[in-house]
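I am opening my notebook on this model.

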Amino acid sequence: MQLIEKAPAKINLGLDTPYHHQDGAEEWNMVMTSVDLADYVEIQTLTKHKRIRVASDSGFLPNDQRNLAYQAAHLLQTTFNVGEGVNIRIKKNIPVAAGLGGGSSDAAAVLRGLNQLWDLGLSWQELAELGLQIDSDVPYCVYGRTAHVRGRGERITPLSKLPAAWVVLAKPKVSVSTPSILQQIRYDDLEHPDIDSLLKAVRDQDIEEMCAVMGNVLEPLTAHRYPEITQLKQQMMKFGADVAQMSGTGPTVFGLCSKQSRAQRVFNGMKGFCREVYLVRPLP
C-alpha cells in the first residue's frame, strides 16, 4: 500500500524561549503557521522485509538514519512492533537547513501516513508526543496549521486561521546549524517578544497589530553570525513588506504583506538579492 503526504514549510510568527530545563532542553513559547511551499512524501509499505529506505531528489539530504523521515518510520515500526518495511521518497521543495522545518515536516508526514497505512489509530496528539522524540518542530508539523506551541514543542493549541496575507520567503546562501545557535543562548541577555499580544492579534484577526508585535528571540544571535539576515530584512522592508523577520534559527527571512500587489513587488525586488525567493500564502 502507498500514499503521498504533503509536508508544508513552517514559519515562526513569534518565537520565544523563556528558560531551559534541567536537562538543557529549551522551553518554547511560539506562534507558528504553515505556508504553501511544501515537500511531497511518498510512502510505500513492504510486506516482505522490515527494511526502511529513504530516497529524495535533493543532493543535500542524508538517506540513512540521520534523515528525520527515516527516524519517524523507525520510531513507529519499533514502538508498535510492525513487521513491515517502508520505502520513502521525498520530492524536496523546501530549502534544507533554512529554519523552515522541512525535515521535521517530512518526518511528520511519515508519522501521519504510516499511522494510516499501518492502521495504528493514533490521535494527532499521540503522534505529536511521539514526534518530540525526533525533533522539537515535529509535533507542530503533525498538525501543520496556525498554532500556539509550548513546552519542549509538544503542547500544541490550534488557533484560528490568519487574516488574509501573503508571505515572501528569502533564503541566503548560508546554512545554519540549529544546535550551534541554541548553544549561544544566554537567558539574561534575551529580549523576549510579547507572545500574549501576538496571540490576541491573531484571535482578533488584526494583521496590523500582528505585524507590530511579532518577534524572534533568536534572530539577534543568528544575525550576529550571518549579517546577510539583517540585510535581507532591510531590503524586504524597503520594498514594502509590512514586517520582516527571521524564521526559526534561520537563515530564511520572511516578509508579511497584507496586499498581494505589495507582496509581488517585494518578491520581484528580492529576486535581485537572493537566489532562493518564494511568494506563498499561509495555509488555511
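This is a predicted model: local features need pLDDT of at least 70, side-chain atom pairs count only at pLDDT 80 or more; totals for chains, interfaces and linings use all residues.

Numbering starts from 1 along each chain as its sequence is written, and side-chain values use heavy atoms, with hydrogens and water left out.

I noted the contact residues (heavy atoms within 4.5 Å). Helix α9 gives Leu232, Gln235, Met236 and Phe239. Helix α10 gives Arg265, Val266, Gly269 and Met270. I sorted them by class: 5 nonpolar, 2 polar and 1 charged (Ala, Val, Leu, Ile, Met, Phe, Trp, Tyr, Cys and Pro are nonpolar, Asp, Glu, Lys and Arg charged, the others, Gly among them, polar).

Next came the geometry. Helix α9 spans residues 228-239 and α10 residues 260-270 (helices are DSSP runs of H or I, at least four residues; strands are E, at least two; both are numbered from the N terminus). Their axes are 9 Å apart, at an angle of about 135° (lines fitted to C-alpha atoms over the stretch in contact, with angles from 0 to 180 degrees between N-to-C directions). The pair is therefore oblique (under 35 degrees is roughly parallel, over 145 roughly antiparallel, 65 to 115 roughly perpendicular, the rest oblique).

I then turned to α1 (residues 68-79) and α2 (residues 102-117). Their axes come within 7 Å and cross at roughly 30°. These two are therefore roughly parallel. Their crossing is right-handed. From α1, the contact takes Leu68, Ala69, Ala72, Ala73 and Leu76. From α2, the contact residues include Val110, Leu111 and Leu114. By class, I have 9 nonpolar, 3 polar and 1 charged residues here.

Which residues does UniProt mark as "active site"? The unreviewed entry gives Lys10 and Asp137 (its annotations may be inferred rather than shown by experiment). They span 128 residues in sequence, yet no two of their C-alpha atoms are more than 9.1 Å apart, so they gather at one spot. I placed Lys10 in strand β1, residues 2-20.

The same record's unreviewed annotation "domain: GHMP kinase N-terminal" covers residues 67-145. I found this span to be 53% helix and 9% strand. Its end C-alpha atoms lie 23 Å apart.

Definitions and conventions. A crossing is left-handed if the near helix is turned anticlockwise from the far one by less than a right angle, and right-handed if clockwise.
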